[in-house]
Amino acid sequence: MTIPVLSILPGDSPRLNGEDRAHITRLAEMEATLPPILVDRRTMRVIDGMHRLMAASLQGRETIEVMFFDGSTDDIFLRAVQENVTHGLPLSQADRRAAAERIIISHPHMSDRAIGQAAGLAAKTIAAIRKRSIDHVPQSNARVGRDGRVRPLDSGEGRLRAAELLIDQPEASLRDVARAAGISPATVLDVRNRLARGEPPAPQKPGAARGNAASGGHASGAAGTEGVPAPPSRPVPASAARTRPGIRPAPDPAATVEKLLRDPSLRNNDQGKEMLRLLHINAVNADQLPDVAAAVPPHCVTAVIGLARQYARMWQDFAQELNERARIIDPSAATR
């Protein structure tokens, strides 16, 4: 849209020292058409493009191309910073740090990475600025990341919910549990591994162990293992206590397959070799699965889910058949 130059007002610029006169002169001398400026529809103040507006005035132009933005005062400043970081005359380091301080106060729910991306700074720099500004920043129990998703600062509640889901729905995928519990798939994987080791779903907070020792008590963990303290913030749910007590972590699949590969009774016949090839192909480290799942394109998700479940059923049937054989050949080797 084209509007009169004189109808536009200066905005709240993130540039501490104002506009760069030399840059305005360079723009005024250019013959190429410049991109539209961004203007707040409500106040007609410039959000991004003050250099271009002043260059147009210097050229004697009466109109200029604009795009309108609708939002709050805080959102307008955030947008101004984002625009000035990604194109045009770069903001100085001081400009970006000052802008980040304002955004931390106006948008405390944004994650360090999200603010860092908006202001052109590293996430650790934002974290340091946030720590210094703690007295002026409203506190929030969650942060919004660069992907727009809300993540809790304290994942304890989500971990407990994930533990319940993993026990009640052991066939559920990491991503399904993560979505339901409001935590990341990597955190769900950590919860599952902790339950397998007979540990509480959440790491013990510093000092909790000393407190338990001083009181002479032993809290029950999520798996009911004696001597493993539960998270101090909240008791472990009853469903988590149904995990088999004393359960040992599953052995590393790759290490087990490596051991089988050295077994002559399998290596020296064709059927044994075929089984070893299948086991070797499927010896995936569970820690790799979230990354593998993330690589599946959206249009393939349904097909991959179907295959994964089909393969799971095939291996489950295979394990059941072996278990039935074990009950006959060596009852002590059979599992329940």
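This is a predicted model: local features need pLDDT of at least 70, side-chain atom pairs count only at pLDDT 80 or more; totals for chains, interfaces and linings use all residues.
The buried positions are Asp112, Ala114, Ile115, Gly116, Ala118 and Ala119.

Over the protein chain as a whole, the secondary structure amounts to 15 helices and six strands. The chain has 336 residues, of which 32% are buried. Of the contacts in the chain with a separation of 6 or more, 62% are accounted for by residues 24 or more positions apart.

The mean pLDDT of the protein chain is 77, and 74% of the residues score at least 70. Among the elements, strand β2 (residues 37-40) has the highest mean pLDDT, 96, whereas the lowest, 46, belongs to helix α10 (residues 208-215). Across residues 208-247 the pLDDT stays under 50. For this stretch the model has 68 contacts beyond four places in sequence.

Strand β4 (residues 63-69) takes part in two pairings, described here in turn. With strand β1 (residues 2-4), β4 runs antiparallel, and three bridges join the two strands. Within β1, threonine 2 stands opposite glutamate 65 of β4. The pairing of β4 with β2 is in the parallel sense and extends over four bridges. Here isoleucine 37 stands opposite valine 66 of β4. The β2 strand in this parallel pairing is also the element with the highest mean pLDDT.

The packing of two helices was examined next. Two packed helices are described by the angle between their axes and the distance between the axes. For helix α3 (residues 73-86) and helix α4 (residues 93-106), the angle is about 150° and the axes lie 10 Å apart. Angles over 145 degrees count as roughly antiparallel, and α3 is therefore roughly antiparallel to α4. On the α3 side, the contact is made by Asp74, Phe77, Leu78, Val81 and Val85. The α4 side contributes Arg96, Ala99, Arg102, Ile103 and Ser106. The crossing of α3 past α4 is left-handed.

Note on methods. Residues are numbered from 1 along each chain as its sequence is written. Side-chain values use heavy atoms; hydrogens and water are left out. pLDDT is the predictor's confidence in each residue, from 0 to 100. Contact means heavy atoms within 4.5 Å. Two strands pair if DSSP finds at least two bridges between them. Buried means under 20% relative accessible area, exposed over 50%, partly exposed in between (1.4 Å probe, protein chains only). Axes are lines fitted to C-alpha atoms, for helices over the stretch in contact, and angles run from 0 to 180 degrees between N-to-C directions. Angles under 35 degrees count as roughly parallel, over 145 as roughly antiparallel, 65 to 115 as roughly perpendicular and the rest as oblique. A crossing is left-handed if the near helix is turned anticlockwise from the far one by less than a right angle, and right-handed if clockwise.
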